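Colleague: Please take me through one part of this structure slowly. I would like a close look at the aromatic rings and the sheet and helix beside them.

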Amino acid sequence: MVLAKLDAVVLDCPDPRALAGFYADVLGGTVEGDDEWMTLRVPGGPALAFQRAPGFVPPRWPAADHSQQFHLDLTVPDLDAAEKEALELGARPLDTADRSRSFRVYADPAGHPFCLCAG
């Protein structure tokens with residue numbers, strides 16, 4: 001028996017509107033909300049929500065003494081093309097040197113790690 005259905009993944013951040021815009025540019029979908037809480041609804045998947053967190057401190061990756069908290073895996077058809085677009089949108093590389101792997105690690109504009117994965 002299923003107890004619950006995943007409705008949304010929620011990210012703390014300093015600017016919900018800006019971070020929702022970043023992920024809307026990456027994933028598509030529609031954004032709604034206000035300066036305290038924004039929700040990105042992506043067709044075929046759970047919502048991605050962003051809540052204002054005063055004093056937000058981004059995770060550090062990789063760091064054994066500081067948890068990365070979570071990360072998103074985003075499947076893309078072309079790693080090189082997706083990387084170029086993600087960087088133009090404000091992502092920054094965290095672990096992208098090994099071009100033989102099927103994934104690359106970035107931080108979103110608020111510092112949350114995410115992976116672009118070949119799909």
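Modeller: Start with a definition: rings of Phe, Tyr and Trp (its six-membered ring) pair if their centres lie within 6.5 Å. Keep in mind that this is a predicted model. A search of the whole structure finds five aromatic pairs. One of them joins Tyr 23 and Phe 114. A pair of aromatic rings is described by the distance of the centres and the angle of the planes. For Tyr 23 and Phe 114, the centres are 6.2 Å apart and the planes make 70°. That makes the pair edge-to-face, because planes over 60 degrees apart count as such. The pair links distant parts of the chain. Tyr 23 belongs to helix H1, Phe 114 to strand S8 (residues 113-118), and 91 residues separate them. Both residues are buried. Ring pairs also tie Tyr 23 and Phe 114 into a cluster with Phe 22, Phe 50 and Tyr 106.

Now the sheet. It is open and has four strands, in the order S1-S4-S3-S2, with mixed pairing. Strands S1 (8-13) and S2 (30-33) stand at the edges; each has a single partner strand, so one side of each lacks a neighbour in the sheet. From one strand to the next, the twist averages 20°. S1 pairs with S4 (residues 47-52) in the parallel sense, over six bridges. Within that pairing, Asp 12 has Gln 51 in S4 as its bridge partner. Helix H1 (residues 16-27) packs on this sheet and touches S1, S2, S3 (37-41) and S4. The direction of H1 makes about 160° with that of S4.

One more ring: the charged end of Arg 101 sits over Phe 103, 4.3 Å from the ring centre.

Note on methods. Residues are numbered from 1 along each chain as its sequence is written. This is a predicted model: local features need pLDDT of at least 70, side-chain atom pairs count only at pLDDT 80 or more; totals for chains, interfaces and linings use all residues. Side-chain values use heavy atoms; hydrogens and water are left out. Two strands pair if DSSP finds at least two bridges between them. Helices (H or I, at least four residues) and strands (E, at least two) are DSSP runs, numbered from the N terminus. Axes are lines fitted to C-alpha atoms, for helices over the stretch in contact, and angles run from 0 to 180 degrees between N-to-C directions. Contact means heavy atoms within 4.5 Å. Rings of Phe, Tyr and Trp (its six-membered ring) pair if their centres lie within 6.5 Å; planes under 30 degrees apart count as stacked, over 60 as edge-to-face and the rest as tilted. Buried means under 20% relative accessible area, exposed over 50%, partly exposed in between (1.4 Å probe, protein chains only). A charge sits over a ring if NZ of Lys or CZ of Arg is within 6 Å of the ring centre and within 35 degrees of the ring normal.
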